[in-house]
Amino acid sequence: MASSSAYAAQLPAVPEWLNKGDNAWQLTAATLVGIQSMPGLVVLYGSIVKKKWAVNSAFMALYAYASSLLVWVLVGFRMAFGDRLLPFWGKAGVALSQGYLVARASLPATAHGAATPRTEPMYPEATLVLFQFEFAAITLVLLAGSVLGRMNIKAWMAFTPLWLLLSYTVGAFSLWGGGFLYHWGVIDYSGGYVIHLSSGVAGFTAAYWVGPRLKSDRERFSPNNILLMIAGGGLLWMGWAGFNGGAPYAASIAASVAVLNTNVSAATSLLTWTCLDVIFFSKPSVIGAVQGMMTGLVCITPGAGLVQTWAAVVMGVFAGSVPWFTMMILHKKSALLMRVDDTLAVFHTHAVAGLLGGVLTGLLATPELLGIESPVPGLRGAFYGGGARQVGKQLAGAAFVVAWNVVVTSLILLAIGLVVPLRMPDDQLMIGDDAAHGEEAYALWGDGEKFDATRHDAARVGLGGGGMEREGSAEQRLSGIMMGARGVTIQL
């Protein structure tokens, strides 16, 4: 039967280089990363924002994910992982033909001047294209968190493909695809720099150029559904097994170490953040717990498969405390941080945590695990004989990523601003989803009836008005968790 023949030792359509286990794991890992965006971040964004921005926030994530795929297969993938064009960029080309996609996956630029060329993945190019697309897409979705609640959706639609091509592909090629940082020995196991530092810096830059939300929204931006926010955060955590576990491009020992370290760091960071909340604010914050989870996941990413598990605990402690300090303390003392309206504090949770993870990887990466994964012979963390040189490389690599994203993101937005406004007008910002999309997240009242403020508010007042007061006070208490007690919007 056809079903049993698929497991035969040799098949005409199954080349000798194909490792079915590696291929199955890589496709699974790609799916897990995809779930982080769809529905993970879509659900999280739609629930963590004010009710009037639920649809717009979820749609920005949805649009970024969908638009990235077409750009990726048309030109983006080969700019990030194709033949070398420049030290920081690959040659553009399509990834659509059958001949290209069914051939064995390769990273041609990684062999450029390498003493020990990287072993090619043992599955088809189509698998690698899909896996790396999920990383490109989630980077843009994370970036969107900085500009929620006011960016013109038409400007966002123009921004996503341009940023993917002109910014993301440069970081990906430079650090992963065989660019100059890759060959120099800058370590970024699974995206601490390529994804998190990039999205945090680019998001902060975009927030500067787009401008702030309405004053009323900045002061009071309570989540419309904390339980759904937790569900979205949970999908992110579980999906990170594919995020870091898929980085070795094989179902390998390094993948096992990476997945374990990822969970250990996330749990440690969540507990550290929660303890700091209790110590300084007297009660644990659920929003803070999700933030701590996120910073732990981000911090371990640059070295997930390259550090020992005790080091993952150390990285988790730093991940739960350093971004907490920058968000809760430093933010209020910095005029620039207070001025720029980074809606979900992506700068703190991704840029700060990603840079922290890169530096800690430069200290804690072990030569044994680096020997499994590193393309550059002799790499090791500073605590294992690498000295300050490796830390210096990590800082230099981060400086390149930061500078490129600031400049390119600014140029892209300035160009788009010549065509369409970057920020929605204030009258539309007062309304939110209905003005931007003609739709609302909670549009129905009763049995399919549209909510009518003149009738239903009057009916509620007729019941005594106490319900309105209680609702307001509850919302104020929730806002106090996010803004009043901390003095800064603190989200993903």
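This is a predicted model: local features need pLDDT of at least 70, side-chain atom pairs count only at pLDDT 80 or more; totals for chains, interfaces and linings use all residues.
## Basis and overall make-up

Local features are given where pLDDT is at least 70 and side-chain atom pairs where pLDDT is 80 or more, while totals for chains, interfaces and linings use all residues. Residues are numbered from 1 along each chain as its sequence is written, and side-chain values use heavy atoms, with hydrogens and water left out.

The protein chain has 21 helices and four strands. Both are DSSP runs numbered from the N terminus: helices are H or I with at least four residues, and strands are E with at least two. Of its 492 residues, 54% count as buried. Buried means under 20% relative accessible area, exposed means over 50%, and partly exposed lies in between (1.4 Å probe, protein chains only). Taking contacts between residues at least 6 apart in sequence, 77% join residues at least 24 apart; a contact means heavy atoms within 4.5 Å.

## Aromatic pairs

A pair of aromatic rings is described by the distance of the centres and the angle of the planes. The structure holds 21 aromatic pairs. Rings of Phe, Tyr and Trp (its six-membered ring) pair if their centres lie within 6.5 Å; planes under 30 degrees apart count as stacked, over 60 as edge-to-face and the rest as tilted. The rings of Phe88 and Trp404 have centres 5.4 Å apart and planes at 50°, so this pair is tilted. Phe88 is partly exposed, at a relative accessible area of 23%, and Trp404 is partly exposed at 22%.

In the pair of Tyr208 and Trp209, the ring centres are 5.1 Å apart and the planes stand at 85°, so the pair is edge-to-face. Tyr208 is partly exposed, with 37% relative accessibility, and Trp209 is partly exposed with 35%. One aromatic cluster is formed by Phe131, Phe135, Trp176, Trp240, Phe243 and Tyr249.

## Charges over rings

Two arginines are placed over aromatic rings. A charge sits over a ring if NZ of Lys or CZ of Arg is within 6 Å of the ring centre and within 35 degrees of the ring normal. The charged end of Arg78 is 4.4 Å from the centre of the Tyr100 ring. Arg213 lies over the face of Phe221, at 4.5 Å from the ring centre.

## The second largest cavity

Rolling a probe the size of a water molecule over the atoms shows where empty space is left. Two cavities of 30 Å³ or more are found in a search of the whole structure. On a 1 Å grid over the protein atoms alone, a cavity is a set of points where a 1.4 Å probe fits but cannot get out, and lining residues have an atom within 4 Å of a point. Grid points are joined across faces, edges and corners, and a volume is the space filled by probe spheres set on the points.

The second largest cavity has a volume of about 30 Å³. Its lining consists of Ser167, Val170, Gly171, Ser198, Phe400, Val401, Trp404 and Asn405. Helix 6 (153-177) and helix 17 each supply at least two of the lining residues, and helix 17 gives the most, with four. The lining divides into four nonpolar, four polar and no charged residues. Here Ala, Val, Leu, Ile, Met, Phe, Trp, Tyr, Cys and Pro count as nonpolar, Asp, Glu, Lys and Arg as charged, and the others, Gly among them, as polar.

## Backbone features

Most residues other than glycine have a negative phi, and most peptide bonds are trans. The peptide bond from Met38 to Pro39 is cis, with omega near 15°; Pro39 is in helix 2. Tyr249 has a positive phi, near 65°, and is in the loop between helix 10 (226-245) and helix 11. Tyr249 is buried, at 8% relative accessibility. Phi is also positive in Ala345, near 55°. Ala345 lies in the loop between helix 14 (335-339) and helix 15 (346-364) and is buried, with a relative accessible area of 3%.

## Two buried helix residues

Leu41, in helix 2 (residues 20-48), is buried at 0% relative accessibility. The C-alpha atoms of Leu41 and Ala61 are separated by 7.0 Å, with the two residues 20 apart along the chain. Thr268 is in helix 11 (residues 253-281) and is buried, with a relative accessible area of 16%. Not counting residues up to four places away in sequence, Thr268 touches Val313, Gly316 and Val317.

Key: On a 1 Å grid over the protein atoms alone, a cavity is a set of points where a 1.4 Å probe fits but cannot get out, and a pocket is an open set with protein on both sides within 12 Å along at least five of seven lines; lining residues have an atom within 4 Å of a point.
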